Amino acid sequence: MLNFASPIDAIIFAVEVFGCVSFAVSGAITALRKKADLLGVWVLTFIAVFGGGLLRDLILQHGAPHIFWDPEYLWLAAISLAISTVCFVLACIPKTAKTLELHRHDFWLYLFDAIGIAVFCIGGVRVSYNALPDSIGPVATYIFCIILGVVSGVGGGMFRDVFVGEIPMMFRKKFYTMPCIIGTTVYTIFHINSIGDPYGILAIVLSVSVIVGLRILATIFKWNMPTAKAFSAVLDEETKNKN
């Protein structure tokens with residue numbers, strides 16, 4: 001049975017479910033595209049959903065990671081298992097398998113993914129702030145919470161891509177990480193300096209809006225971080241000459 005310490009915790013969990021569904025679908029589809037079996041689908045799904053939180057907890061070193069004892073994570077794990085199993089069953093049927101592959105980049109999936117990342121970033125800030133050492137200074141507090149908040153949001157996707165041998169999306173596509181840094185910074189400022197649930201809810205709404213809004217705009221207008229195009233062109237030319 002879930003017991004929430006405050007309405008904010010209940011709100012965060014409710015929205016985390018959306019993120020969990022999105023990450024579970026992305027993890028399952030990534031595994032299926034690599035022709036993984038059912039166990040592989042389950043493993044990659046759990047990595048996508050919980051990788052960021054697991055890395056955050058290991059960095060904090062404050063006991064067993066939340067995924068192994070927190071009831072909220074146990075519920076999210078059950079949802080992830082169910083979603084990934086459904087994806088696997090659909091992939092076993094020719095017609096639904098084709099539909100699953102054709103619609104894996106639909107806009108609503110990007111939206112859910114953006115919401116999930118935003119909420120996991122917020123959850124990471126809250127967990128990190130509660131685990132702060134007493135001797136840490138104010139500047140270090142902000143840096144500590146922002147970095148671990150971002151790690152919580154993007155870590156699962158990073159591990160998912162690494163496990164299947166791809167360059168993580170956070171390093172190469174759709175302005176992926178910068179919205180998380182900006183939105184997490186907004187939430188950290190509110191969370192550290194505000195008192196009371198009304199301000200906490202405002203901080204959640206504002207930071208989620210920043211992250212989701214920037215991610216959606218990046219998807220629509222194809223925003224990307226700058227790359228060394230001249231160097232890439234030289235590499236492409238060398239590869240072409242070798243072939």
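Visitor: Where is the place of Lys35, relative to helix H1 and H2?

Guide: In this predicted model, Lys35 sits in the loop between helix H1, residues 7-33, and H2. Its phi is near 60°, which is a positive value in a residue other than glycine.

Visitor: Why does Lys35 count as exposed?

Guide: The cut-off for exposed is over 50% relative accessible area; Lys35 has 78% relative accessibility, and therefore counts as exposed.

Visitor: What makes Gly51 count as buried?

Guide: Buried means under 20% relative accessible area, and Gly51, at 6% relative accessibility, therefore counts as buried. Gly51 lies in helix H2, which covers residues 38-60.

Visitor: Which residues does Gly51 touch, not counting those up to four places away in sequence?

Guide: With those sequence neighbours left out, Gly51 touches Phe46, Gly155, Gly156 and Phe159. As a further distance, the C-alpha atoms of Gly51 and Ile67, 16 residues apart along the chain, are separated by 9.8 Å.

Visitor: How many disulfides does a search of the whole structure find?

Guide: The search of the whole structure finds 0 disulfides.

Visitor: Why is the sulfur of Cys121 too far from the closest cysteine sulfur for a bond?

Guide: The closest cysteine sulfur to that of Cys121 is in Cys180, at 4.2 Å; a disulfide requires the two sulfur atoms to be within 2.5 Å, so the pair is too far apart for a bond. Cys180 is accordingly in no disulfide, since its nearest cysteine sulfur is that of Cys121 at 4.2 Å.

Visitor: Are Cys121 and Cys180 buried or exposed?

Guide: Cys121 has 1% relative accessibility and counts as buried, while Cys180, with a relative accessible area of 0%, is buried as well; each conclusion follows because buried means under 20%.

Visitor: How many helices and strands are there in the chain?

Guide: The chain has 9 helices and 0 strands, so that its elements, read from the N terminus on, run α-α-α-α-α-α-α-α-α.

Visitor: Why does the radius of gyration of the chain agree with that of a compact globule?

Guide: For 243 residues, a compact globule would have a radius of gyration near 18 Å, and the chain has 19 Å, so the value agrees. Taken along the principal axes, the C-alpha atoms fill a box of roughly 60 × 45 × 30 Å.

Visitor: What percentage of the contacts in the chain with a separation of 6 or more do residues 24 or more positions apart account for?

Guide: Residues 24 or more positions apart account for 76% of those contacts, and buried residues make up 42% of the 243 residues in the chain.

Visitor: What does the accessible surface of the chain come to?

Guide: The accessible surface comes to about 13,200 Å², and carbon and sulfur atoms hold 70% of that surface. As for charges, the mean positions of the 17 positive and 16 negative charges of the chain are 13 Å apart.

Terms used: Residues are numbered from 1 along each chain as its sequence is written. This is a predicted model: local features need pLDDT of at least 70, side-chain atom pairs count only at pLDDT 80 or more; totals for chains, interfaces and linings use all residues. Side-chain values use heavy atoms; hydrogens and water are left out. Helices (H or I, at least four residues) and strands (E, at least two) are DSSP runs, numbered from the N terminus. The radius of gyration is taken over C-alpha atoms; the globule rule is 2.2 Å times the number of residues to the power 0.38. Buried means under 20% relative accessible area, exposed over 50%, partly exposed in between (1.4 Å probe, protein chains only). Contact means heavy atoms within 4.5 Å. Accessible areas come from the Shrake-Rupley method with a 1.4 Å probe; for residues, only the protein chains shown count as cover. Lys and Arg count as positive and Asp and Glu as negative; His and the chain ends are not counted. The place of a charge is taken as NZ of Lys, CZ of Arg, CG of Asp or CD of Glu.
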